Amino acid sequence: MKYHKSKRLLCTLCALFLSLAFAALPVNAATAFDPYYYYTTYPDVAAVTGFDPAALLQHYQSFGMKEGRFPNAQASWRAVAGYVDTEEMRTAFLMQIPSSDPVSSENDLPVFDPVFYYNMYPDVAATVGRDPQALLNHYFTYGFSEGRLPFFDAEPCTEVRSTFAY
């Protein structure tokens, strides 16, 4: 048990360090797209696309940018502070993001196990139910940041594929 607490503390410290490091990035980094933020902030989009990072980015590029939706939390905070990137600045920055190659990047990640997740976390099971996609969405939305395990023998804060093999 002590080992898991140490790992959780280390994961929390790493997350804090990364958040501070990202806060020091240049101004244009505020336009980088964060699928987790977009999914949780705009439930109307999430209802249509589900948690598919490529579909969420496509929605942002096609509609969200024109509708004034924010691509990440930092852009939202900057808007509250009175600074909003222009559409041209956001478009120019998005063009610098390399296109995702699902064959190379997605397949390198381990697969989420919805049966394990359901049985391991009864609080999630009571809330979400048995739907594998809902369990995966819960992991991306809450479980990852809470240090929940996506499959047996995984490390806390493990990245997994956005799809599963069922």
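This is a predicted model: local features need pLDDT of at least 70, side-chain atom pairs count only at pLDDT 80 or more; totals for chains, interfaces and linings use all residues.

Let me begin with helix 9, which covers residues 132–146 and contains histidine 138. This helix has a kink of about 50°, and the kink is centred on tyrosine 139. The buried residues of the helix are Leu135, Leu136, Asn137, His138, Tyr139, Phe140, Thr141 and Gly143. Against what do these buried residues pack? Their partners are helix 2 (35–41), helix 7 (114–120) and helix 8 (122–128). After helix 9 comes glycine 147, with a positive phi near 80°.

I turn now to histidine 138 itself. Is this residue buried or exposed? Its relative accessible area is 13%, and because the cut-off for a buried residue is under 20%, histidine 138 counts as buried. If we set aside neighbours within four places in sequence, histidine 138 contacts Tyr117, Val124, Val128, Gly143, Glu146 and Arg148.

Two residues in that list, Glu146 and Arg148, also pair with each other. Arginine 148 and glutamate 146 form a salt bridge, in which the closest N and O atoms are 2.5 Å apart. Arginine 148 is buried, at a relative accessible area of 13%, whereas glutamate 146 is partly exposed, at 37% relative accessibility.

That brings me to the salt bridges in general. Side chains of opposite charge can pair when their charged atoms come close. How many salt bridges are counted in this model? The count is four.

One of them joins the side chains of arginine 69 and aspartate 44, with an N to O distance of 2.8 Å. This pair links distant parts of the chain: aspartate 44 belongs to helix 3 (residues 43–49), while arginine 69 sits in the loop between helix 4 (53–67) and helix 5 (73–80), and the two are 25 residues apart.

Arginine 69 also meets glutamate 67 in a salt bridge, here at 2.5 Å from N to O.

Thank you for your attention.

Conventions
Residues are numbered from 1 along each chain as its sequence is written. Side-chain values use heavy atoms; hydrogens and water are left out. Helices (H or I, at least four residues) and strands (E, at least two) are DSSP runs, numbered from the N terminus. Buried means under 20% relative accessible area, exposed over 50%, partly exposed in between (1.4 Å probe, protein chains only). Contact means heavy atoms within 4.5 Å. The bend at a residue is the angle between axes fitted to the seven residues ending there and the seven starting there.
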